Amino acid sequence: RPCRALPALPAGVEALFDPAQFSPVCTISDSIYRATQQTVLLVVGSQTYQDYAPLIAGALLRVRLELCIVESFATEAVL
């Protein structure tokens, strides 16, 4: 059975999937995540960071998720 290509997306829809246009829902927790990610990289060094990347990413993402929950709760409470 030959493989068929998917149909082209309608105009404007491609912009929704452009990584440059990504806007996180939890901006504060995302900023903290990015800053912490860079701090960990500086503290442990690039080789150690690469060796333990899944462990580090998992821990940082869990913290980001918890912060996002708190941030969302605070945002909803204000509204």
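Reader: Why does Val78 count as exposed?

Author: The relative accessibility of Val78 is 71%. A residue is called exposed over 50% relative accessible area, buried under 20%, and partly exposed in between, with a 1.4 Å probe and protein chains only. Val78 therefore counts as exposed. Please note that this is a predicted model, in which local features need pLDDT of at least 70 and side-chain atom pairs count only at pLDDT 80 or more, while totals for chains, interfaces and linings use all residues. Residues are numbered from 1 along each chain as its sequence is written, and side-chain values use heavy atoms, with hydrogens and water left out.

Reader: What makes Thr36 partly exposed?

Author: Thr36 has a relative accessible area of 31%, so the residue is partly exposed. Thr36 is found in helix H2, residues 27–44. Between the C-alpha atoms of Thr36 and Arg64 there are 9.9 Å, with 28 residues separating the two along the chain.

Reader: How do you know that Arg64 lies over the face of Tyr33?

Author: A charge sits over a ring if NZ of Lys or CZ of Arg is within 6 Å of the ring centre and within 35 degrees of the ring normal. Arg64 lies over the face of Tyr33, at 5.8 Å from the ring centre.

Reader: How many helices and strands does the chain have?

Author: The chain has four helices and zero strands, in the pattern α-α-α-α along the sequence. Helices (H or I, at least four residues) and strands (E, at least two) are DSSP runs, numbered from the N terminus.

Reader: What radius of gyration does the chain have, and what would a compact globule of 79 residues have?

Author: The chain has 18 Å, whereas a compact globule of 79 residues would have a value near 12 Å. The radius is taken over C-alpha atoms, and the globule rule is 2.2 Å times the number of residues to the power 0.38. Along the principal axes, the C-alpha atoms fill a box of roughly 50 × 45 × 25 Å. Buried residues make up 14% of the 79 residues.
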